[in-house]
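Dear colleague,

Please find below the structure that I am handing over to you.

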Amino acid sequence: MQLYNSMTRQKEELKTVEPGKVKMYTCGPTVYHFAHIGNLRTYMMEDVLEKYLTYSGYDVMRIMNITDVGHLTSDGDTGDDKMLKGAKREHKTVMEIAKFYTDAFFSDCEKLCIKKPEYIQPATGCIPEYINMISVLLEKGYAYEAGGNVYFDTSKLDQYYRFHDFREEDLEVGVREGVEGDANKRNKADFVLWFTKSKFDDQELKWESPWGYGYPGWHIECSCISMKFAGETLDLHCGGIDNVFPHHTNEIAQSEAYLGHAWCPHWFHVLHLNDETGKMSKSKGEFLTVSLLEEKGFSPLAYRFFCLQSHYRKTLVFSWENMKNAQTAYDKLLSKIAAMLDNNDTVDDAKKSELLAAFKAAMDNDLNTAQAVTVLYDILKSDANAATKLACIADIDKVLSLRLIENAKALADNNTASEIPAEVLELVEQRKEARKAKDFAQADALRDRITALGWQIRETRQGTEITKL
Ligand code: AMP
Ligand code: ZN
């Protein structure tokens, strides 16, 4: 499989330390608010990547952090504390906010068929690991204490900026964000490993450390959580494109300084989802969530379909018009599949392999899901029989996760239900009443009349089933 690597800026074969095993780290959500559908685009594409690697035969170990401490509104250690801001907004404690929004995040993921990673770690659960890494960085001379905080000294590295997509001067913390500088820093790009002198007097979460009572910076969590589960190397690290700098740049700096060797060779970044006005932001008031899509009558999987129709390395623009088109296309796809369900064909294995080869070619080419969706339509239009088409769709859906067969079945069942004549439905109701009244003779007579009209009735624990004879 050829996968674009942001570090080398080219498509390349994914190389793993252990053959057949991928150790994959994905930066998780900051749980101070609902995830917006932009955040979820990133998680969805990472989910597709994980599933395609599994489909291709890899054993995938996937790790995700949950940021419940240390993330300030500017990724460059300035601004408000996001968790504290969320807690104040809702008059709750930070941990209450963290629990609520972690659950909400996974509920959104479930609606979008995003698989839960195998290893999930809240940042507050690894304080001893951060203290250990920071102590080693201080010992090795890569960190310094200033003004009560501990900072990483970026000047100690031969190469701090590891992704070359931007000009260095654009990347300097503070300069880029247009926020206040920190006089304690020796170099502009230095970043906080441990805060003791917090500007937030009401900071709720603090721990004892060799440098005083305080809390970790945001970046350190991903290095430590990755090493806790994956050890000293990773094969693949993922996130949204905004994570490239400073977050991933800082993760690499501290991880490699701590380990004394290279850490992760392959970096996968998902481009942003924007709305028509530009960047999506949670501070703008109402923002786009999965619940909002549902309130407006859209199914979360139609949003998944919308995202899959575009390549992860292209910025995607959301509009209600685009969403409407995606919903219509998704519904049509289900109808086409529903129409094939009732068949007596047998699967043609040779044809199936031939059709699936096109799907694999698309996905092997830098996870080209847009092309994979085209392949799906090509399969529907092909001369293969219905059983073969359905077998291909079931296979592809292990990766795309659009619940195509299940939802097509539900659609077919609904269609059947709506075709039941009113006369039969009336008799079914009368039979229900008769059974309730324990008038079994009458119930039997009603069943006979239903049968005479060509319908069969079965009472199951799940309810009444009416099928054509
Ligand atoms: P956060 O909860 O802010 O830490 O962000 C969670 C993930 O969403 C990170 O991997 C971000 O890079 C990613 N992200 C943030 N904004 C967007 C966006 N508009 N589109 C796609 N991904 C995003
Ligand atoms: Zn991270």
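**Cavity and pocket**

The lining of the largest cavity comprises four nonpolar, two polar and two charged residues (Ala, Val, Leu, Ile, Met, Phe, Trp, Tyr, Cys and Pro count as nonpolar, Asp, Glu, Lys and Arg as charged, and the others, Gly among them, as polar). This is a predicted model, in which local features need pLDDT of at least 70 and side-chain atom pairs pLDDT 80 or more, while totals for chains, interfaces and linings use all residues. Residues are numbered from 1 along each chain as its sequence is written, chains are lettered from A and ligands numbered from 1 in the order in which they are written, and side-chain values use heavy atoms, without hydrogens and water.

The lining residues of this cavity are Asp68, Val69, Gly70, Asp81, Met83, Val94, Gln203 and Leu205, and its volume is about 30 Å³. On a 1 Å grid over the protein atoms alone, a cavity is a set of points where a 1.4 Å probe fits but cannot get out; a pocket is an open set with protein on both sides within 12 Å along at least five of seven lines, and lining residues have an atom within 4 Å of a point. Points are joined across faces, edges and corners, and a volume is the space filled by probe spheres set on them.

The largest pocket has a volume of about 1000 Å³. Of its 43 lining residues, Tyr32, His36, Asn39, Lys82 and Asp242 are the closest to the centre. Its lining divides into 14 nonpolar, 19 polar and ten charged residues.

**Helices and aromatic pairs**

Helices (H or I, at least four residues) and strands (E, at least two) are DSSP runs numbered from the N terminus. The axes of helix 4 (residues 127-139) and helix 7 (residues 244-259) come within 9 Å and cross at roughly 70°; axes are lines fitted to C-alpha atoms over the stretch in contact, with angles from 0 to 180 degrees between N-to-C directions. The two helices are therefore roughly perpendicular (65 to 115 degrees). Asn132, Met133, Val136 and Leu137 of helix 4 meet Gln254, Ala257 and Tyr258 of helix 7, contact meaning heavy atoms within 4.5 Å.

Helix 7 also holds Pro246, which a cis peptide bond joins to Phe245, with omega about 5°.

Tyr52 and Tyr55 form a stacked aromatic pair, 5.7 Å centre to centre with 25° between the planes (ring centres within 6.5 Å, planes under 30 degrees apart).

Yours sincerely

Notes
Angles under 35 degrees count as roughly parallel, over 145 as roughly antiparallel, 65 to 115 as roughly perpendicular and the rest as oblique. Rings of Phe, Tyr and Trp (its six-membered ring) pair if their centres lie within 6.5 Å; planes under 30 degrees apart count as stacked, over 60 as edge-to-face and the rest as tilted.
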